[in-house]
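This report looks at a few features of one protein chain. Please keep the sequence and the structure in view while reading.

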Amino acid sequence: KRWARGLGQALARHREIPFRWKMRRMWPIYYESCASILWAWVFVLMTAFWLLCIISGFSPRGASPIPNFWGMAIATTCIAQLLIGAWVDRRYDPDIMRSTSGAIFYPIIYWMMMAIITFIYTVPALFRKPPKVQRWRIQRDRV
């Protein structure tokens with residue numbers, strides 16, 4: 001939540017970047033951040049549309065949130081990386097291979113959660129006033 005809101009606040013604070021030639025080296029970062037927000041919105045809206053079609057009895061058109069060939073290729077690569085990493089670290093942690101069966105769900109759950117969190121928190125942060133700087137006032141006791 002903090003990262004998504006922070007991304008929205010950073011983009012709002014630096015919204016002049018795409019219009020300033022001096023900031024051209026920041027353009028890729030700015031556009032990648034905008035694209036990641038757009039991806040999250042499209043993913044959440046298309047998944048909601050897909051579920052609404054299924055619930056209402058219509059055949060959904062367009063992309064499905066269920067992985068197709070490219071999704072399965074990415075998932076297979078992820079699993080291969082996970083297994084190789086666990087195999088390399090097995091010398092330091094002999095029980096590591098037991099946890100790999102549940103760890104394959106981490107990327108799926110992580111990306112779904114991040115898309116939903118970005119959908120909820122980033123865009124409102126783009127349009128709010130920036131928060132005031134907070135200072136901690138710590139009560140100091142003399143010993």
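## Two helices side by side

The axes of helix H3 (residues 69–89) and helix H4 (residues 96–103) come within 9 Å of each other and cross at roughly 165°. The model is a predicted one. Two packed helices are described by the angle between their axes and the distance between the axes.

How are H3 and H4 oriented, roughly parallel or roughly antiparallel? Angles over 145 degrees count as roughly antiparallel, and the axes here cross at roughly 165°. H3 and H4 are therefore roughly antiparallel to each other. The crossing in which H3 passes H4 is right-handed.

## The salt bridge

How many salt bridges does a search of the whole structure find? The search finds one. Arg98 forms a salt bridge with Asp95, and their closest N and O atoms are 2.8 Å apart.

Arg98 has a relative accessibility of 66%, so Arg98 counts as exposed. Asp95 has a relative accessible area of 43% and is partly exposed.

## A nonpolar patch

Which residues form a nonpolar patch on the surface? They are Phe105, Ile108, Ile109, Met112 and Met113. Together, these residues have about 490 Å² of accessible area.

One of the patch residues, Met112, lies in helix H5, which covers residues 106–127. Met112 has a relative accessible area of 41%, so Met112 is partly exposed.

Technical notes: Residues numbered from 1 in each chain as written. Predicted model: local features only at pLDDT ≥ 70, side-chain atom pairs only at ≥ 80, totals over all residues. Heavy atoms only, no water. Salt bridge = Lys/Arg side-chain N within 4 Å of Asp/Glu carboxyl O. Buried < 20%, exposed > 50% of the residue type's maximum accessible area, 1.4 Å probe, protein only. Patch = residues over 30% accessible without salt bridge, like charges linked within 9 Å, V, L, I, M, F, W, Y side chains within 5 Å. Areas by Shrake-Rupley, 256 points an atom, 1.4 Å probe, with all protein chains shown as cover. Helix = DSSP H or I, 4+ residues; strand = E, 2+ residues; numbered from the N terminus. Axes fitted to C-alpha atoms, helices over the stretch in contact; angles between N-to-C directions. Parallel < 35°, antiparallel > 145°, perpendicular 65-115°, else oblique. Left-handed = near helix turned anticlockwise from the far one by under 90°.
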